[in-house]
Amino acid sequence: MPAERQQEILARIRKDGRVLAAELAQEFQTSEDTIRRSLRDLAAQGLCTRVYGGALAMSPASGSSSQRRKQAVERKLALGQKMASIVQSGQLLFIDAGSTNLAAARSLPQNMGITVATHDPLIASVLAGRTDLTLITIGGQVNPHVGAAVDGQALRLIMEMRPDLLFLGICAMDLESGIAAFQNEDAQMKRTLIEQSGAIAIAVLNEKLSASAPYYVGEVDIISDLIVESDAPKRPVSSMESRGLRVHRAKAVSSKPSDKPHIVAEDYVPPGRSNRPTAARKSSRLS
């Protein structure tokens, strides 16, 4: 029955993060058109994101910044510690907004002579008392959902900077659909940071891999260093390694709550971007 088939498809999306119409058609012994209609119905109900050839789960990072700071704290700390370990002496580091990046800021090594810039007031506050680094704060109107300044004033200030390394905060990423965010202003800010920066590092929770959000930021090829959890799913991580990304695994966390991914409804196809930097170009500045 169609309703039963939709429930099975929805369960598969929640379990695996993505489904392909061709594979589902073969499994359910029906046509791809029938599967696509089911996916359209699920998307219309706000239960999945349609992408070319199938559907994606929604990233769990859709809540406010204050809500996100309370979620998966130990896992983010492990990611943040590993992320901070790739910083090199004397670099200009820009730390984008995000609770995992906040953990990285708290874990930055001592006495490396680095300069740190951020538009996230909370990240700035944890670094303000340190005398072994130079802190630059980017002002502007703080978006309460993002937790950082993402208005025109902040954009203009960032366009005057050339960070050696960017800790980019993300809401979702997928090898085919790219990196995405939940706020349009945040996505625009992230695209500007990418264009201005040398190397780009991202730390990602398992549930943000093979996940979706409405606003396109860039393709995964812009990433030079990817920090994943110790038990990150092998398939997407291996695929990203094959694209030239340097993958770093965080230490294992003893107790990890099972956060099931939610689903989003936008039928979104990312636009193409011209002149985007490659992973090789981005990594050259880091080395």
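Tutor: A211 is found in strand β13, residues 211–212; strands (E, at least two residues) and helices (H or I, at least four) are DSSP runs, numbered from the N terminus. The model is predicted, so local features need pLDDT of at least 70 and side-chain atom pairs count only at pLDDT 80 or more, while totals for chains, interfaces and linings use all residues. Residues are numbered from 1 along each chain as its sequence is written, and side-chain values use heavy atoms, without hydrogens and water.

With a relative accessible area of 2%, A211 is buried (under 20%; over 50% is exposed and the range between is partly exposed, for a 1.4 Å probe and protein chains only). Its C-alpha atom is 9.1 Å from that of T49, although 162 residues separate A211 and T49 along the chain.

Next comes the sheet. Seven strands form an open sheet with parallel pairing, in the order β6-β5-β4-β9-β12-β15-β16; two strands pair if DSSP finds at least two bridges between them. β6 (134–137) and β16 (246–249) are the edge strands, each pairing on one side only. Direction ignored, neighbouring strands of this sheet are turned by 20° against each other on average. Within the sheet, β4 (residues 92–95) and β5 pair in the parallel sense over four bridges, and L93 has V116 in β5 as its bridge partner.

Helix α5 lies across β9 (165–167), β12 (199–204), β15 (225–228) and β16, and runs at about 160° to β12. Such angles run from 0 to 180 degrees between N-to-C directions, with axes fitted to C-alpha atoms, for helices over the stretch in contact; contact means heavy atoms within 4.5 Å.

α5 (residues 73–84) also meets α6 (residues 99–106): their axes come within 7 Å and cross at roughly 55°. The two helices are therefore oblique to each other, the class left once angles under 35 degrees (roughly parallel), over 145 (roughly antiparallel) and 65 to 115 (roughly perpendicular) are taken out. On the α5 side the contact involves K76, L77, L79, G80, M83 and A84, and on the α6 side S99, T100, N101, A103 and A104. These residues divide into six nonpolar, four polar and one charged, where Ala, Val, Leu, Ile, Met, Phe, Trp, Tyr, Cys and Pro count as nonpolar, Asp, Glu, Lys and Arg as charged, and the others, Gly among them, as polar.

N111 has a positive phi of about 55° although it is not a glycine, and its relative accessible area of 66% makes N111 exposed.
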